[in-house]
Amino acid sequence: MVDLGTPKRRSVSQLTSYSGCQEAYRLERIAKAPQRPAAWFVMGTSYHQIVEDWENGGRKEHEEQLYELYSADYKARIEATMQDWPDTEIWMTGGSKKGEQDIADREVLGRWQVGDYVRFALENEDEWRIIASEVYFEMDFGGVPVVGYIDQVRQYKDGRVEAVDLKTGSSTPVTAVQLATYRWAVHKFMG
């Protein structure tokens with residue numbers, strides 16, 4: 001019998017990537033093909049940071065303050081990305097627009113999404129509350145350690161607990177792997 005050694009640890013994003021498109025997984029994770037930057041990556045990171053800070057800080061800032069915080073965070077991250085990728089013509093974009101236009105559009109879109117989250121959270125504050133955010137977990141799936149971070153764990157007034165993945169792009173996940181794994185982690189570690 002061949003000893004395959006200790007299984008490599010995998011992240012939920014690796015599982016999701018592999019289950020969505022094995023060739024994309026191979027290019028990114030095995031061949032280590034360079035991935036061009038995209039403003040949507042920066043937008044998502046800034047959005048997550050502002051929402052997490054707002055929730056963890058007791059929801060003190062008003063919507064207008066959050067817009068400014070988002071814009072400052074987004075611009076700083078864009079500037080940092082441009083240090084390595086200054087030619088915005090090679091940036092990936094949504095549709096046929098130029099890189100510069102996509103960068104500008106996603107600042108506006110991200111501000112809107114932050115406001116949309118705030119309005120949704122405040123409208124539903126009697127229905128659910130955040131009991132944890134950016135929750136790290138590690139579980140064993142068939143002998144393979146799987147790690148991940150859950151954006152939010154919400155508890156509803158009926159006692160139900162739910163893992164939530166905040167999205168800034170498509171609202172429909174490519175596969176059910178991510179949320180199913182998060183659901184299992186919440187069940188295992190929180191009952």
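This is a predicted model: local features need pLDDT of at least 70, side-chain atom pairs count only at pLDDT 80 or more; totals for chains, interfaces and linings use all residues.
1. Asp 102 is a residue of helix 5.

2. Leaving aside residues up to four places away in sequence, Asp 102 touches Ala 39, Trp 40, Tyr 74, Met 92, Thr 93, Gly 94 and Lys 97.

3. Helix 3, residues 39-56, packs against helix 5 at an angle of about 30 degrees, and the two axes are 9 Å apart. Helix 3 is therefore roughly parallel to helix 5, since angles under 35 degrees count as such. The crossing of these two helices is right-handed.

4. On the helix 3 side, the residues that meet helix 5 include Ala 39, Trp 40, Met 43 and Tyr 47. Asp 102, Ile 103 and Arg 106 are among their partners in helix 5. By type, the residues of this contact divide into 14 nonpolar, 2 polar and 3 charged.

5. Helix 4 (residues 63-84) also packs with helix 5 (residues 99-123), at an angle of about 145 degrees and with the axes 9 Å apart. The crossing of helix 4 and helix 5 is right-handed. Helix 4 contributes residues including Leu 66, Tyr 70, Tyr 74 and Ile 78, while helix 5 contributes Asp 102, Ile 103, Arg 106 and Gly 110, among others. The residues of this contact divide into 9 nonpolar, 3 polar and 9 charged.

Technical notes. Residues are numbered from 1 along each chain as its sequence is written. Side-chain values use heavy atoms; hydrogens and water are left out. Axes are lines fitted to C-alpha atoms, for helices over the stretch in contact, and angles run from 0 to 180 degrees between N-to-C directions. Helices (H or I, at least four residues) and strands (E, at least two) are DSSP runs, numbered from the N terminus. A crossing is left-handed if the near helix is turned anticlockwise from the far one by less than a right angle, and right-handed if clockwise. Contact means heavy atoms within 4.5 Å. Ala, Val, Leu, Ile, Met, Phe, Trp, Tyr, Cys and Pro count as nonpolar, Asp, Glu, Lys and Arg as charged, and the others, Gly among them, as polar. Angles under 35 degrees count as roughly parallel, over 145 as roughly antiparallel, 65 to 115 as roughly perpendicular and the rest as oblique.
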